[in-house]
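Reader: Please show me the model, and then let us go through it by question and answer.

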Amino acid sequence: MKTKYAYLALEVNDIEENVKWYTDILQCKDVTGRFGTDKAKGSACVELNDGKCLVLRYSPKMGVKSHAFHGCIGCDDFLRADNYFVKRGIKTPYQPGVGWGKQGPCGCYSIFVSDPSGNRLEVHG
């Protein structure tokens, strides 16, 4: 059996706030209307630049912001990505030469950002 990536589902505490963050900050495309019995508390789907989907699913337990999930996305220009986040007021816990380091088995430089619900995304290049 051959397998391939289909989508990743993230639990969020506010569908619209997170759709706005993923489309404005990560430049994802809002590819579906809202779905579920209660549109404000259902799900939405956003698409990354490479066509892969993230499903944002409402969860009341996400009311307390925490590092609920850690996912990783790649970028083609790490320094430009960091400057992009800084210009938009997105805090990254690391600064050049201080907290950047080789992370995990890939040996890539990484920065971390959190969405409005506390899901932590690693951006590496």
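Reader: Is Asp115 buried or exposed, and what is its relative accessible area?

Author: This is a predicted model, in which local features need pLDDT of at least 70, side-chain atom pairs count only at pLDDT 80 or more, and totals for chains, interfaces and linings use all residues. Residues are numbered from 1 along each chain as its sequence is written, and side-chain values use heavy atoms, with hydrogens and water left out. Buried means under 20% relative accessible area, exposed over 50% and partly exposed in between, with a 1.4 Å probe and protein chains only. Asp115 is buried, and its relative accessible area is 4%.

Reader: Which side chain forms a polar contact of 2.7 Å with that of Asp115?

Author: A polar contact is a pair of N or O atoms within 3.5 Å; within protein, one must be able to donate a hydrogen and the other to accept it, and residues adjacent in sequence count only if both atoms are side-chain atoms. Asp115 is found in the loop between S7 and S8, and a polar atom of its side chain lies 2.9 Å from the backbone nitrogen of Gly118. The 2.7 Å contact joins the side chain of Asp115 to that of Tyr22.

Reader: Which residues of helix H1 are buried, and why are they on the same side?

Author: Helices (H or I, at least four residues) and strands (E, at least two) are DSSP runs, numbered from the N terminus. In H1, residues 15-24, the buried ones are Ile15, Asn18, Val19, Trp21 and Tyr22. They are on the same side of H1 because they cover an arc (taken from the directions from the helix axis to the C-beta atoms) of only 160°.

Reader: In what order do the four strands of the open sheet stand?

Author: Two strands pair if DSSP finds at least two bridges between them. S2 (residues 29-30) and S3 run antiparallel, joined by two bridges, while S3 and S4 (residues 53-58) are antiparallel over five bridges. The edge strands, each pairing on one side only, are S1 (7-12) and S2. With mixed pairing, the order is S1-S4-S3-S2.

Reader: How many of the five residues of S3 are buried?

Author: Strand S3 spans residues 43-47. Within it, Ala44 stands opposite Leu56 in S4, and Val46 stands opposite Leu54 in S4. S3 is largely enclosed by the rest of the structure, because its buried residues number four.

Reader: Which residues touch the most other members of the largest nonpolar core?

Author: A nonpolar core is a set of buried Ala, Val, Leu, Ile, Met, Phe, Trp, Tyr and Cys residues joined through side-chain atoms within 4.5 Å. The largest has 23 residues, and the elements giving two or more residues to this core are S1, H1, S3, S4, H2 (78-87), S7 (108-114) and S8 (120-124). Those touching the most other members are Trp21, Tyr22, Leu26, Val46, Leu56 and Phe85.

Reader: Which residues of H2 are exposed on the other side from the buried ones?

Author: The buried residues of H2 are Phe78, Ala81, Asp82, Tyr84 and Phe85. Their arc around the axis is only 155°, which puts them on the same side of H2. On the other side, the exposed residues are Leu79, Arg80 and Lys87.
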